[in-house]
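Let's take a walk through this structure together, with the sequence and the 3D view side by side. Have a look first, and then we can go through it piece by piece.

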Amino acid sequence: MTDLLYSEEEEALRAAVRDLLTDHCAPADVITRAESDAPHDRALWKLLADGMGLAGLLVPEERGGQGASAREAAVVLEELGRAVAPLPYLTSAVVATEALLACDDAELLAQLASGRSIGALAVALHTAPGAGVTAVRVQDGTLHGELTGIADAAVADVLLVPADDGGLYAVAADTVTITPQVSLDLTRPLASVRLEGAPGRRVGAAEPAVRRALRAAAGLLASEQLGVAEWALTQTVRYLKERKQFNRPVGGFQALKHRLAQLWLEVVHLRAAARAAADALATGEDMEVRTAVAQAYAAPAAVRVTEEALQLHGGIGMTWEHPVHLYLKRAKADSIAYGTAGAHREALAALVDLQAPVRAPLQAP
Amino acid sequence: MTDADELRRRTRELLAQHPPASTDRLDFLRARFDAGLAWVHYPEGLGGLGAPRALQGVVDAELAAAGAPDNDPRRIGIGLGMAAPTILKYGTDEQKRRYLRPLWTGEEVWCQLFSEPGAGSDLAALGTRAVRSGDSWVVNGQKVWTSSAHLARWAILIARTDPAVPKHQGITYFVCDMTDPGVEVRPLRQITGEAEFNEVFLTDVRIPDDRRLGEAGDGWRVAQTTLNNERVAIGGMALPREGGMIGPVAKTWRERPGLRTHDLHQRLLKLWVEAEVARFTGERLRQQLVAGQPGPEGAGMKLAFARLNQEISGLEVELRGEEGLLYDDWTMRRPELVDFTGRDAGYRYLRSKGNSIEGGTSEVLLNIVAERVLGLPAEPRTDKDVAWKDLAR
């Protein structure tokens, strides 16, 4: 069976990322930044991607990366989720990178792996692996069309755009119009992308690249959701030990203790599901079932834990000042990103042969 | 230090000296115990070699490949999982020598005399009395939910020896001879129709003092070893995909498309995912144990499996429609084992109701998680510093 634990190297990686985020990604700063003109933290991206070399974890060394695997990228995502960090790691270092790993553009792949360029797959964030995508028109050698719901497009240097000729095109961000959309998740904002005769370079076939990218995204998103849920649980437990009403810490009331214990149990399960998916993506074994299982479980679990965190914080949880809303918004957006839990359950129905009811044949008149 | 190669060598030596094909089952099991290959993490002379627990698999694999008989561990689970670790930790040398070998070979079955009608979740409130009389203790009281009591030679028993001190302090742990004339065992019929469990009435049962485990008054602490091992035993089963309760439902779903509805489909997929994630969680816990880093996750596994078993079997009864209105057999029987797969859906539905009660109710386990894992404050208590005899009952 798969290895569901963390290796010593993975724990060291976690510690390094957590140190960086502790120093550079305080919750109050994330709230302030979210409403500014620059919601993404480019300086922090430089430290993480360039300084620590983490943008290239999924890329083999001979192709300019670190030659690690989805297991290590998952650990980074856990920490980024815990800090609800406004960084394009999932979108660039996982999704765009996985798409390029299925293509043949060594130079662009190496640029993304080094962190010097940020990439974004121009597929709407809610798209499930295997679902249809909106393609732009190829006309007279240039690209035309409008795409919406593209996560982190505002900070991307290059977009990977599926076109109606079946190709995936690399398009420089400064040749298209990128307009931010007011987004539920303030820390992973969406944008629309308008292509009006944009020049593009065909890097490969869109379908297999998009499918591979979205599957990795769905599987590794579970690790981000784990980080989000862990933060919410840890902060709620801490707060309920301090907060006193009726002359007692409210965390001593059994009604609340049982709820927190249930949340802990869900986080324990979420960790196992996330590790099973990360390990499957790293080894290629049982990959489709485990990514679908992970997302079908993680999406509602992270939403529930953050919703409960807000409720258990009481009034302070409803304020803009307290960061719990950032985590709720991330968890809720994540529950739609790369396919809802329902979409992944439907995929499982086919994968594990638990088919839907067959409609009864119409009665002859 | 005994490593895997050394264990393999010793196992082959055992097999060569006692070929399973031509050796009596019990003789083989005794020889295996004496060779230190019964439970390799136990000390030498007591069925083990002081080897890491994780290496037991090496021995078991060699023996299974050679077709050697096993000690039918499911039949003697209480002895192996609860009595043995407690005897090992608190027993005298004489007690360990006397009890462990026939316990492991299955020659002597063990049961557990802990719960009482008035002491369930609040086990420490138990009222069965043991009064010192010369070299013995005289025991009177009633125990309940005792599996295997009608088969057992021995019981692990906790009884009150000092009612004048607070409840946790006045308890002593004994080994009770179930063949003593003062021991009366009555089947306790349950909602499934059968009687897995018993009530045990103890009337002037004399227990020699050399069958006491640990010090007089220290029984609560001794019992913690037993109870911690019980929860490990209940939550720690290894499963393949669809190896648990979800298996029969998935099979029915595939084989009988006429039963399918959209509502059931959504619920089935949700439970299938939860069962698979619970399986990963159990597997992760086992990997932590093997790596020598036991986590607090074990406390949660029983909670998770209880809820899942109940929901899945409830869905299964509903899925079967007309057949869900039937039941396979209400006859009062006394099964030696709980067999979830050998019976129909209705049985699974009813029997799994006990999963959130036996071995610690889910409500108590949630308290344990909240207090021991999350560090939340305990409920204010009114019973801790009061003599047992002065408690409300």
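This is a predicted model: local features need pLDDT of at least 70, side-chain atom pairs count only at pLDDT 80 or more; totals for chains, interfaces and linings use all residues.

Residues are numbered from 1 along each chain as its sequence is written, while chains are lettered from A and ligands numbered from 1 in the order in which they are written.

Helices here are DSSP runs of H or I with at least four residues, strands are E runs of at least two, and both are numbered from the N terminus. The axes of helix 7 and helix 10 (residues 324-334) of chain A come within 10 Å and cross at roughly 150 degrees. Such axes are lines fitted to C-alpha atoms, for helices over the stretch in contact, and the angles run from 0 to 180 degrees between N-to-C directions. Helix 7 and helix 10 of chain A are therefore roughly antiparallel to each other, a label for angles over 145 degrees. On the helix 7 side of chain A, the residues that meet helix 10 include Leu221(A), Val228(A) and Trp231(A); on the helix 10 side, Tyr327(A) and Arg330(A) are among them. Two residues are in contact if their C-beta atoms, placed from the backbone, lie within 7 Å. By class, this contact has 7 nonpolar, 1 polar and 3 charged residues. Ala, Val, Leu, Ile, Met, Phe, Trp, Tyr, Cys and Pro count as nonpolar, Asp, Glu, Lys and Arg as charged, and the others, Gly among them, as polar.

Next, see where the two chains meet. Here 33 residues of chain A are in contact with 36 residues of chain B. Helix 8 of chain A gives the largest share of chain A's side, 14 residues. That side has 22 nonpolar, 6 polar and 5 charged residues.

Moving over to chain B, you will find domain 1 (4-70), domain 2 (74-98 + 106-217 + 382-393) and domain 3 (236-360), with bounds from an automatic or database domain assignment. The centres of domain 2 and domain 3 of chain B, taken over C-alpha atoms, are 31 Å apart. Their contact takes 11 residues from domain 2 of chain B and 14 residues from domain 3 of chain B.

Stay in chain B for two helix pairs. Helix 8 (residues 262-290) and helix 9 (residues 298-319) of chain B pack at an angle of about 155 degrees, with their axes 10 Å apart, and are therefore roughly antiparallel to each other. Their crossing is left-handed. Helix 7 (residues 246-255) of chain B packs with helix 8 of chain B at an angle of about 145 degrees, their axes 11 Å apart. Helix 7 of chain B also passes helix 8 of chain B in a left-handed crossing. The contact is made by Ile246(B), Val249(B), Ala250(B) and Trp253(B) of helix 7 of chain B and Leu268(B), Leu271(B), Trp272(B) and Ala275(B) of helix 8 of chain B. These divide into 8 nonpolar, no polar and no charged residues.

Finally, UniProt lists residues 111-205 of chain B as "domain: Acyl-CoA oxidase/dehydrogenase middle" in an unreviewed entry. Over residues 111-205 of chain B the chain is 0% helix and 48% strand.

Methods: Angles under 35 degrees count as roughly parallel, over 145 as roughly antiparallel, 65 to 115 as roughly perpendicular and the rest as oblique. A crossing is left-handed if the near helix is turned anticlockwise from the far one by less than a right angle, and right-handed if clockwise. UniProt positions are given in the numbering used here, feature names are shortened, and annotations may be inferred rather than shown by experiment.
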